[in-house]
Amino acid sequence: MTPILVLDQVSVKLPKGADRSHAMEEVTLSVAAGEILCVVGESGSGKSMTANAIMRLLPGGVTLDGGRILFEGRDLAGVSEAEMRKVRGAGIAMIFQEPMTALNPLRTIGDQIGEMFEIHTDLAKSAIRARVQALLEEVRIPDPLAAAKAYPHELSGGQRQRAMIAMALALDPKVLIADEPTTALDVTTQAQILELIRDLQRRKGTAVLFITHDFGVVAEIADRVAVMSKGRVVEQGTVEAVLDNPQHAYTQQLIAAVPPLKAPPPRAISDEAILTIDHVSKTYRTGGFLGRGQRVTHAVKDVSLVLPKGGTLGIVGESGSGKSTLARCLVRLIDPESGSIWLSGRDLASLSKEEMRAETRNIQMVFQDPFASLNPRHKAGELVAQGLIVHGTPRAGALKRARDLFSLVGLDPAAIDRFPHEFSGGQRQRIGLARALALEPKVLVADEPVSALDVSVQAQVLKLLADLRARLGLSIVFITHDLRVAAQVCDLVAVMKSGEVVEAGPIADVFGNPQHAYTRALLASIPGRGFGLKEAVLA
Amino acid sequence: MGFVKLYFRSPPAVIGLILLLLVLGMAASAGWLYPKDPLALAGRPLIWPFTNPRFLLGTDNSGRDIAAQIFHGARISLQIGLVATVISVLIGITIGAFAGYYGGWTDTILMRVTEAFQTLPNFLLLLVLVAVFGSTITTVTLAIGIVSWPASARLTRAEFLSLRNREFVQAGRTLGLRDASLIFREILPNALPPVIVYASVVMAIAILLESALAFLKLSDPNVASWGNLIGIGRDVLRVQWYVSAIPGVAILITVLAVSLVGQGLNDALNPRLKGR
Amino acid sequence: MRIFALAGRRLVASIPTLFLILIGVFLLLQFAPGDTVDAMMAQMGGGDAATARDLRRFYGLDLSVMAQLGNYLWRLVRFDLGFSAIYGKPVATVIAERLPATILLMVASLSLAFFFGLILGVVAARGVNRWPDTLISTLGLVFYAMPTFWFGLMAIVVFSIYLQWLPAGGFEDITIGYQGLRRTLDIAQHLVLPTLTLGLFYMAIYLRIMRGSMLEVLNLDFVRTARAKGMDETRVVVHHVLRNALLPMVTLIGLQAGTMLGGSVVVESVFSLPGLGRLAYESVIQRDLNTLLGIVFVSALLVIVVNFIVDLLYARLDPRITTGT
Amino acid sequence: MDMTRRAALMTSAAIAANVINPFRAFAQETPQKGGVFTVHYGAEQRQLNPSLQASTGVYIIGGKIQEQLVDLDAKGQPVGVLAESWESSADGKTITFKLRKGVTWHDGKPFTSADVQYTAMEMWKKILNYGSTLQLFLTAVDTPDAHTAIFRYERPMPLNLLLRALPDLGYISPRHLYEGKGDIRQNQVNLAPVGTGPFKFVSYERGQHIIADRNADYWRPNLPYLDRIVWRVVTDRAAAAAQMEAGQIHYSPFSGLTISDSARLAKDPRFIVSTKGNEGNARTNTVEFNFRRKELADIRVRRAIAHALDIPFFIENFLGDFAKRGTGPVPSVSTDFYPADNGPQYPFDKATAIKLLDEAGFKPGADGTRFSLRLLPAPWGEDISLFATFIQQSLAAVGIKVEIVRNDGGGFLKQVYADHAFDLASGWHQYRNDPAVSTTVWYRSGQPAGAPWTNQWNWTDPTIDKIIDDAATEVDPAKRKGLYGDFVRRANTELPIWTPIEQIFLTVINAKARNHSNTPRWGSASWHDLWLAK
């Protein structure tokens, strides 16, 4: 199969003042019709820049610095802007990562898809409408007629991504570039979208350049793989060659960091319960005028769970399942309507605000977004010492304690005087952890602590959490949407769907032979299930 | 610090800074260059500028030296602008902070009050305040401050609404911080920069309001403010138009300087806004 | 239909604001030295204590403050704005006489400001950091920094005295008594300078807001999608960016309506236009509480109506409002 | 300070020439009928009926629509308008007026003595400012027949006082439009006056203009000449000057334009700028002392303040040639009452001022200030604010720190004449052709608080009170003039208020106007003989 799109020694220069001189250095790769090439790499590896370079939509100050981009034998690098516009959308189409913001909020889906035909063809309005209906049916959007007239905010993330795909494939482009199309979606939706792209690609024979950071997705969908690191292609080949015996050290390290689905042998956990969640529920009432026309959403419905002393209870589920709300109820960031939360003999749910403030010593929380969970205006040491100072430790003692905590979480104690923006994502999560541990809490609530990190950094933080648990005898409530991570970290797991716990128990049983249909569907939609069933790396 | 480098990269911001320094210089050197009371009778009324060496910018219809009034006026206008801005920004921040942080009933009530101030034309309220409390320099400055706080209140409230549920604030809550420290130690430092930048707009408007009041002969007559000079010049506008023109230009330059500096700060603060 | 429910709710919510303003201004003006009878005697150039006493009884100034406030609110609920001390006529008629001049001036200035602000904002944003942007932004700032009355005075000196193109003031030329179209033209000629004086200041504000919001929207994801669909820059701006960039501009109209009437006080006194602005200034000087509160009431209504229209416009522009997120 | 002012303002010789020559050249032209005469109307009044409100702002309009019993002729002597003849009884308690026959109101009803009776008893006595004090002792007006009105007084009313006052306070209103029609003050006719005058009211657009057309059946045969008078409301004085130059306004009365615009238009051949025709509206700038301040209660301090002000310099440099040095409460234009000897004058003499202040025991402090005073200037005159600044500067030179407190109209009246919350005040004293009308109240004790422009200085002087009371009821004109001479001399000696500057209103009028400024109060007159050359 002759390659339809070839990148030959393509380099892209960054404006001065950026963290490195070039975004892409001598990148050579090619993709043929009917083939899916996966470009995989961590954030900052230049994989998205490749897509921009091909489409010649480089951001301000960034310029092509040599190399050829051949599309059907024609070098796009030198082509005029008018010519390039003919290629964009008709020759090479593109779909993006954030379904929420990638569509114009003020215009209907039908208009935005129809616009492809208005630009590139001179079809009559009625013909365009018909083509749009056909496309929407092809991408299996429920009720295509209504979808065409709907506005982006009226559709779910998955439906919006289907609309994007319909838009991209409107003019049967030769090449489809997909820049992390499923990263922002739930696991189940992600599986459907991947399956849709696979099916459309097989039927239309389009060449697909699929950009992702998730090796699971690579295993699921790729024919060939190109691994990128710091703007260079470090390894390239068929998916079996690259995944099963990676040659380059960086690839090996990346693959090793992906937590396997198979849980490690169960740890011995005591049966004494440290935290008991008893029939907790929380409902939100929004909108409505004087009681009429209110929309009631049951975020958490009658949940009862037990966290054994020293053990880790995982709570998994898709977005909107209520797992975060439940976590916030535990630390009383949100006040549950009913039910009680027993922590060593005291019901946190019934405490007054004042009493709860004193109780915060025993239960602490680690947050998801490393960039938002630390106040940019305070020094790192102060952030960690803040809890202690509030609870009465004199400032000097608190700062000294902060220094010890920094070394405990593997950070250079001298760094306590630096500001948050001077640390990497991984380091910030360590600071968050140090802050939570400063008060020596009995229970640690971790809300998606690693999902915002790159795979390699994720592995290090999980490793840190594991030995802290061992050393300090921590009991942890671990919230995540990534079943692989849950498998490696948790002793017990509870699967939540629309506010209810559908299944709970030891991780090996729940993941080994799931009883509830939803758990089964959840496990089935994890991309690249087979991949990484080898021995657990983490144990 | 990248901020300063970013600021000096845009030419308008630099021009604004130079103009501002010029006006500040005028205000500072007023006492030294023109020691006599600027409102003192210096010579014949209505001398044209540049015709008499002793009065570079000529004299007004009360025979007072215009140049002296411009220099001393710089001090007054900047003082009024600054003090009025501080008052309005302080009121604005407090109301905006509490409305934004607590929400619910407090927010509704405070927003009703802000809306009331914004629905009522501010210059009309200024007229009533000056009519009631008299037109000395303190009452005029206070009145301008009281009239122009709603805009900064709305801005602060918007900042607080967006920062209130940020994770670092929730982290603070889990650590057991009280509301007061959450507001003033956690949220406010992050909410301040856009409000400080907006303060330049408030100051520009304050100076314009004072000159409008003086134009209607409602400002403090014992003080050599630019607005007063324009008001006096209004009577001789047909022939000696320079008596109103010169202070008009002075106000133009000062407000231009303040706005340019404000815009420079704003662009340096979020460089993305400056576009490609 | 939901738009009306939403906008209706805002109308209901603004009624307490309205009462808050009226009561606030009423109590505030009680502290002013002298009352409407003093002001009247000042204007009459004389008057003995006896006339002053029974004038005060006539205007009901001898009642306690609370009683006066009670009477005023009781009348207001029945839409009776009371009697104007200055003009010896019901306040409603006095305001009705002065309303056309102010409405014309405000509508003309607002449309000038919005229209040119929008165009110049787009041009500045498209040519960002190049000469069109710097030129337009500095020009905008100069108009913003210029005191409106000063610009008015200088415009009179240049355009009506030296060049004799435009009349120096007044709403229309009554000595000749035009009718129909000729009269409208004459009024338009009289309004050119005042509209420029009031409009340019607000144009500078709209210009800056439009430039900022255009730059903001140009960086959003869906613009990148549009470009990836093979669209040229003009079509991207026209079909995608413009409508999104208009949202903050529309909200600004709502916020600006109040301050514009304030600005007209000065412009109307420079150009001797018979509008609400000058009437407000005179009623403060004359301590005519009924007229002043009448004007505050009407201007508050004006601002609320403008906000109502802005809500409808905003809902038309942004479907997320009506269909509810 | 170089003092020459020639360059800035025009030479006095130029003004003098301008004042005389415009009238001589056109004596023999034949008057032309028709034309619209436009008038600059600076401050809108609350109502337009001159029998209810005695102020130039009302006369400028009402004076053309309604007429009074007696007016002043070119030489300033009383001449009959609605009254043909009059005579007073020996004891001065009965004055009979023979009324003009064949005069009709604008709505066609006949003018009779019943109108005079109703106006005098219901309006002059009860509502008209200054009228109420003038007619205090009027008990009744008898109307034996339709054209005779007999005024009966409890105390003698000097005939020349009444005749001098009636041109301002003698306007007659139509009884049939007021009697039994509710409160006179709220009667809508006040905003659409009906009179017997040469012009009929047409319309009043609030804030814009007032229009009055020619009264076809005016009792003076085939008069007036003009078709229509339009009063244009222009509050901004600079704009008014611009509109005069653009030809949109013919006449600006009562010093309506700024001093510098008036000086400039005086040099323009298209306009005539003069004080002629305003002799009936003289006014003096006042410096009012509040005796509640112990410093000001001391006569030496008051005299020192007077000596500290260089009045000739101020007039020459700031007011130009339309003002002159005042000598006392009675201005020099009042030929009937101006005394030969005005008593002590206070020429500018800084040394004496300082000596007097030292004598009074107020030594200058470390910063050279003896004491400080709050000066409240009236807000309505450009000359008043200039004078206030001048007082501030001059008193600073002798160690008195002056803070100017600015108020609007209502606020000024309340602060000064009701609350007495002032140290110095400065404004206008309007002289109305006879000291008894609006001048002696500034000195007579016992004025109720809140009555504006009266003795609120907390100062009582029995001598001056006796002189005032005697003069008010003295029937013999010569004796009355002598009494008022004593009054002026006493006022200048005690100096409760000081009247250093005398001004007459300034008229700025288009040169095409004819028969203008031909009576001492022409601005307020009926303009029946005014016409416009092409």
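Trainee: Which residue with a positive phi follows helix 4 of chain C?
Mentor: That's Phe79(C), with phi near 55 degrees. Keep in mind that this is a predicted model.

Trainee: Staying with chain C, how many of its residues are in contact with chain A?
Mentor: 22 residues of chain C, and they meet 25 residues of chain A.

Trainee: Which elements of chain C give two or more residues to that side?
Mentor: Helix 9 (221-228), helix 10 (233-270) and helix 13 (319-323) of chain C. Helix 9 of chain C gives the most, with 6 residues.

Trainee: What's the split by class on the chain C side?
Mentor: The side of chain C that touches chain A has 9 charged, 7 polar and 6 nonpolar residues.

Trainee: How many residues of domain 2 of chain D are in contact with domain 3 of chain D?
Mentor: 11 residues of domain 2 of chain D, touching 11 residues of domain 3 of chain D. On the domain 2 side, helix 5 (residues 159-169) of chain D gives the most, with 5 residues. That side divides into 6 nonpolar, 2 polar and 3 charged residues.

Trainee: Now the open sheet of 4 strands in chain D: what's the strand order?
Mentor: The order is 4-5-7-6, with antiparallel pairing. Strand 4 (83-88) and strand 6 (138-142) of chain D are the edges, each pairing on one side only. The twist from one strand to the next averages 15 degrees.

Trainee: How many bridges join strand 6 of chain D to strand 7 of chain D?
Mentor: 4 bridges, with the strands running antiparallel; strand 7 is residues 148-153. As one example, Val141(D) has Phe151(D) in strand 7 of chain D as its bridge partner.

Trainee: Which strands does helix 3 of chain D lie across?
Mentor: Helix 3 (residues 113-124) of chain D lies across strand 5 (94-99), strand 6 and strand 7 of chain D, and runs at about 165 degrees to strand 6.

Notes:
Residues numbered from 1 in each chain as written. Chains lettered and ligands numbered in written order. Predicted model: local features only at pLDDT ≥ 70, side-chain atom pairs only at ≥ 80, totals over all residues. Contact = placed C-beta atoms within 7 Å. Nonpolar A, V, L, I, M, F, W, Y, C, P; charged D, E, K, R; others polar. Pairing = 2+ DSSP bridges. Axes fitted to C-alpha atoms, helices over the stretch in contact; angles between N-to-C directions.
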